[in-house]
Amino acid sequence: MDDLNEICQSLSDERVIELVTELGSDAYQDTATAIIFKTICHNIDPSNASMKLYYYKKNKLFHCYTGCGDSFDLIGLFKRRYELLGIKYNFYKDIVLKLKEKSDLAPAQQTFYEPYEPQFEKYKEKEINVQLKVLNPNLLNVYTFNPTPEWLNDGISEEVMKRFNILYDIKENKVIIPHYNEKGELIGIRGRALNQESVEAGIKYMPVEIEGQLLNHPLGYNLYGLNLVKDNIKRTGIALVAEGEKSVLQYETMFGKENNICVAACGSSFHTYQFELLAAAGAKTILICFDKEGETWKEQQLYYNKLKKICLKYKNRCKMGFLWDTKELLNLKDSPFDKGQETFKKLYKGAIYV
């Protein structure tokens, strides 16, 4: 077990509650299997966050069931929160030492006679090496193809739904969204709720469960749609990164499959692993096309800085930019693709490059 994982595994539930409260969650619910917090992983203001950030006691991991749609440990939550608030931090001093304080590691492991180790090297972040589990595609046979009016009205054609293998769960009234890796192998299945009560409760997207098996995957280690659009990205050298899967389908409906260069990060973060996937696919220009956020001027500034920071991180390797709605063309929470082709073209024309 590596040192960072050991720290996360050593923390008591009480200490986790204390740390997450300090990070901004002003409420929590402690159940037998999980502790439920506010979704401060992607909401600047906790008062706007829903109780959909689950900390599972058995594996010591968080899972966000709304905006992020991702799994991560406590270290990952610290990083997301700091970056969301635009706080500059030192990984060792501001995260590792914070978690080590009051941890449940045995005192014998922290004695005066321990051999010297350079602390920054000991606790440095590890290189990403992820192997996603490949699922049996026959799992999808329990669903049917049924182009729902909701998605048709959102500007997604029946033809595009077929190409991306979008299915329907009659029993749960959910759109079924299979996720494939860049090789076209099935690695996860997500469901998009259509029942209004689920949408109002903030439970739009959830992993699908079949015969007791939760078919989720770490969303930060894949890009939705890359398997079908990678050749277009290689040919043009351009990649658009949206938040949600629907945006990828909307873009193809608007511009055709031969012109589709859009992928989805499936959350409001863009991870290094995802950048490397696009770089390997031949992207020379990457444009972040996330949903419109920020009700107040302060929230908008923080969000602007967040998008700019994403671009600055990779600008030495690739031309980076992001879409920003300076002309009030979108409503709050709209994606740049929701208002149709002409609106998107205007947003694209005004892209901000760093």
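Predicted model: local features only at pLDDT ≥ 70, side-chain atom pairs only at ≥ 80, totals over all residues.

User: Through how many residues does a hairpin join E1 to E2?

Analyst: The hairpin that joins E1 to E2 passes through three residues. Strand E1 covers residues 28–30 and pairs with E2 in the antiparallel sense over three bridges. Within this pairing, Asp30 has Ile35 of E2 as its bridge partner.

User: With which strand does E2 pair over four bridges?

Analyst: That strand is E3 (residues 53–56), and the sense is again antiparallel. Here Ile36 stands opposite Tyr54 in E3.

User: Are the residues on the two faces of strand E2 buried or exposed?

Analyst: A residue counts as buried under 20% relative accessible area. In strand E2 (residues 34–37), Ala34 and Ile36 on one side are buried, as are Ile35 and Phe37 on the other, so that both faces are covered.

User: In what order do the five strands of the open sheet lie?

Analyst: The order is E13-E12-E14-E15-E16, with mixed pairing. At the edges are strand E13 (262–264) and strand E16 (352–353), each of which pairs on one side only. Helix H9 (residues 226–236) packs on this sheet and touches E12 and E13, its direction making about 135° with that of E13.

User: How do E12 and E13 run, and how many bridges join them?

Analyst: They run parallel, and three bridges join strand E12 (residues 238–242) to E13.

User: Which helix lies across E12 and E13?

Analyst: Helix H10 (residues 245–255) does, running at about 165° to E13.

Definitions and conventions
Residues numbered from 1 in each chain as written. Heavy atoms only, no water. Pairing = 2+ DSSP bridges. Contact = heavy atoms within 4.5 Å. Axes fitted to C-alpha atoms, helices over the stretch in contact; angles between N-to-C directions. Buried < 20%, exposed > 50% of the residue type's maximum accessible area, 1.4 Å probe, protein only.
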